[in-house]
Amino acid sequence: MIIIEFNSRQRKIIEIVQNNEPITSEHIAQLLNLTRGTLRPDLAILTMSGILEARPKVGYFYTGKLKNEEMLHRINEIVVGDIKSVPVVLDEKTSVYDAIVTMFLDNVGTIFVISDGYLTGVVSRKDFLKTCIGNTDINKVPIGVIMTRMPNIITAFPDETVVEAAQKIIEHEVDSLPIVKRELVDEKECFKVLGRISKTNITKIFIEIADV
Ligand code: ADP
């Protein structure tokens with residue numbers, strides 16, 4: 001698929017045509033305070049790429065093909081902070097048993113683990129399964145023992161795009177990422193958990209965009 005990136009003037013032209021179709025090039029030029037000659041290359045690109053249609057003596061129409069382009073633009077503008085959900089967070093000292101109960105009650109697949117208020121790890125369904133098929137006393141073992149630990153936790157910042165977060169999820173083969181804020185504690189880098197982004201959040205956006 002060829003993705004065409006339009007410049008800001010071309011975007012303005014598209015918007016004008018969408019709101020005023022049919023509209024002549026003269027009128028578009030007037031609205032933009034430009035000459036027709038200046039607009040000619042932009043209008044040529046927009047008609048050649050099928051976004052606008054020029055009908056002689058009538059003017060320009062918007063053909064609707066912008067939808068894809070607009071959609072791509074919009075996807076790239078959504079940031080993780082916009083779609084985050086509430087994280088389920090437990091202290092490292094919580095027993096595996098209690099954490100499994102929390103996982104069921106809160107209906108999540110991943111729990112973020114903290115100590116002194118800062119992220120230290122992640123436990124997921126597979127970690128619990130692994131623990132349960134061994135001879136572990138799940139009432140005695142704390143989740144701090146079985147979790148995946150920092151610095152191996154893949155995180156996202158609120159201003160990262162959802163596309164970047166989705167790439168991390170796929171690349172590292174995990175279901176969700178903690179959304180974090182960096183803080184310095186005694187000159188050590190620590191992370192406060194602000195939220196969660198999961199495959200479910202991203203699938204929801206996919207459905208919204210498909211408009212079903
Ligand atoms: P599930 O266990 O439900 O399949 P995941 O695929 O997310 O869930 O987890 C697989 C492994 O990756 C587990 O050991 C888990 O601790 C770890 N894990 C989950 N999320 C992250 C993350 N954001 N960063 C690093 N490791 C993670």
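**View 1. Aspartate 42 counts as buried, with a relative accessibility of 5%.** That puts it under the 20% cut-off for buried residues. As in the other views, what you're looking at comes from a predicted model. Aspartate 42 sits in helix α3, which covers residues 36–48. Look for glutamine 10: its side chain and that of aspartate 42 are joined by a polar contact of 3.1 Å. Setting aside residues up to four places away in sequence, aspartate 42 touches Asn7, Arg9, Gln10 and Ile13.

**View 2. Helices α6 and α7 pack at an angle of about 140 degrees.** Here α6 spans residues 96–105 and α7 spans residues 125–133, and their axes lie 11 Å apart. The two helices are therefore oblique to each other, and their crossing is left-handed. Where they meet, α6 brings Val96, Ala99, Ile100 and Met103, while α7 brings Arg125, Phe128, Thr131 and Cys132. Sort the residues of this contact by type and you get six nonpolar, one polar and one charged.

**View 3. Isoleucine 169 is buried, at 3% relative accessible area.** Which residues does isoleucine 169 contact, leaving aside neighbours within four places in sequence? They are Val174, Asp175, Ser176, Leu177, Ile197, Ser198, Lys199 and Ile202. Take serine 198 from that group: it is 29 residues from isoleucine 169 along the chain, with 8.1 Å separating the two C-alpha atoms.

Methods:
Residues are numbered from 1 along each chain as its sequence is written. This is a predicted model: local features need pLDDT of at least 70, side-chain atom pairs count only at pLDDT 80 or more; totals for chains, interfaces and linings use all residues. Side-chain values use heavy atoms; hydrogens and water are left out. Axes are lines fitted to C-alpha atoms, for helices over the stretch in contact, and angles run from 0 to 180 degrees between N-to-C directions. Helices (H or I, at least four residues) and strands (E, at least two) are DSSP runs, numbered from the N terminus. Angles under 35 degrees count as roughly parallel, over 145 as roughly antiparallel, 65 to 115 as roughly perpendicular and the rest as oblique. A crossing is left-handed if the near helix is turned anticlockwise from the far one by less than a right angle, and right-handed if clockwise. Contact means heavy atoms within 4.5 Å. Ala, Val, Leu, Ile, Met, Phe, Trp, Tyr, Cys and Pro count as nonpolar, Asp, Glu, Lys and Arg as charged, and the others, Gly among them, as polar. Buried means under 20% relative accessible area, exposed over 50%, partly exposed in between (1.4 Å probe, protein chains only). A polar contact is a pair of N or O atoms within 3.5 Å; within protein, one must be able to donate a hydrogen and the other to accept it, and residues adjacent in sequence count only if both atoms are side-chain atoms.
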